[in-house]
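Subject: Structure handover

Hello,

Here is the structure for your files. My notes on it follow below.

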Amino acid sequence: MDTNLQKQEQYDIAYLRMAKEWSKLSYCNRKQVGALIVKDKMIISDGYNGTPTGFENICEDEDGDTKWYVLHAEANAILKVASSTQSCNGATLYITMSPCQQCSKLIHQAGIKRLVYHQEYKDNSGVKFLEKAGVTITHINDLE
């Protein structure tokens with residue numbers, strides 16, 4: 001394997017492990033998801049799934065279903081960049097679970113050019129959309 005590719009894979013695994021650690025900050029019970037946005041070898045944003053600012057940190061309703069207003073990890077990370085001086089244009093998104101349809105639109109519109117994820121979301125149409133949009137997708141199953 002090319003040494004540059006080997007080095008990139010090492011970085012990819014390291015950033016995904018960091019995203020996994022970040023996911024542990026989520027108050028959600030059903031799924032804890034973490035995300036990092038990296039540009040020019042610098043982490044420019046992070047996020048995890050949870051309720052919007054000012055809402056109680058309870059993600060599920062009485063039936064155990066996720067409340068509709070819970071923000072996904074990648075959306076939180078993208079929104080953090082939007083309120084900073086940084087730009088996602090050309091960045092890589094590292095996320096512990098592949099994105100849903102709604103988040104895949106945000107990823108594309110934010111200018112993220114590369115996605116690295118660990119687990120498959122139940123619906124892979126978000127990933128298919130990003131592939132069609134020209135985003136490079138890398139799925140890393142094993143983080144050990």
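Buried here means under 20% relative accessible area, exposed over 50%, and partly exposed in between, with a 1.4 Å probe and protein chains only. Helices (H or I, at least four residues) and strands (E, at least two) are DSSP runs, numbered from the N terminus. This is a predicted model, in which local features need pLDDT of at least 70 and side-chain atom pairs count only at pLDDT 80 or more, while totals for chains, interfaces and linings use all residues. Residues are numbered from 1 along each chain as its sequence is written, and side-chain values use heavy atoms, with hydrogens and water left out.

Strand β3 (residues 92-97) is mostly covered, with 6 of its 6 residues buried. Two strands count as paired if DSSP finds at least two bridges between them. β3 runs antiparallel to strand β1 (residues 34-39), joined by 4 bridges; L93 in β3 is the bridge partner of I37. With strand β4 (residues 114-119), β3 pairs in the parallel sense over 5 bridges, and T92 has R114 in β4 as its bridge partner. From β3 the chain passes through helix α3 (residues 101-110) to β4 in a right-handed β-α-β crossover (with the strands pointing away from the viewer, the path from the first strand over the helix to the second runs clockwise).

Helix α2 (residues 73-82) is largely enclosed by the rest of the structure, because 7 of its 10 residues are buried. Those buried in α2 are A73, E74, A75, N76, A77, I78 and V81. Their cover includes β1, β2 (42-48), β3 and α3, where contact means heavy atoms within 4.5 Å.

Regards
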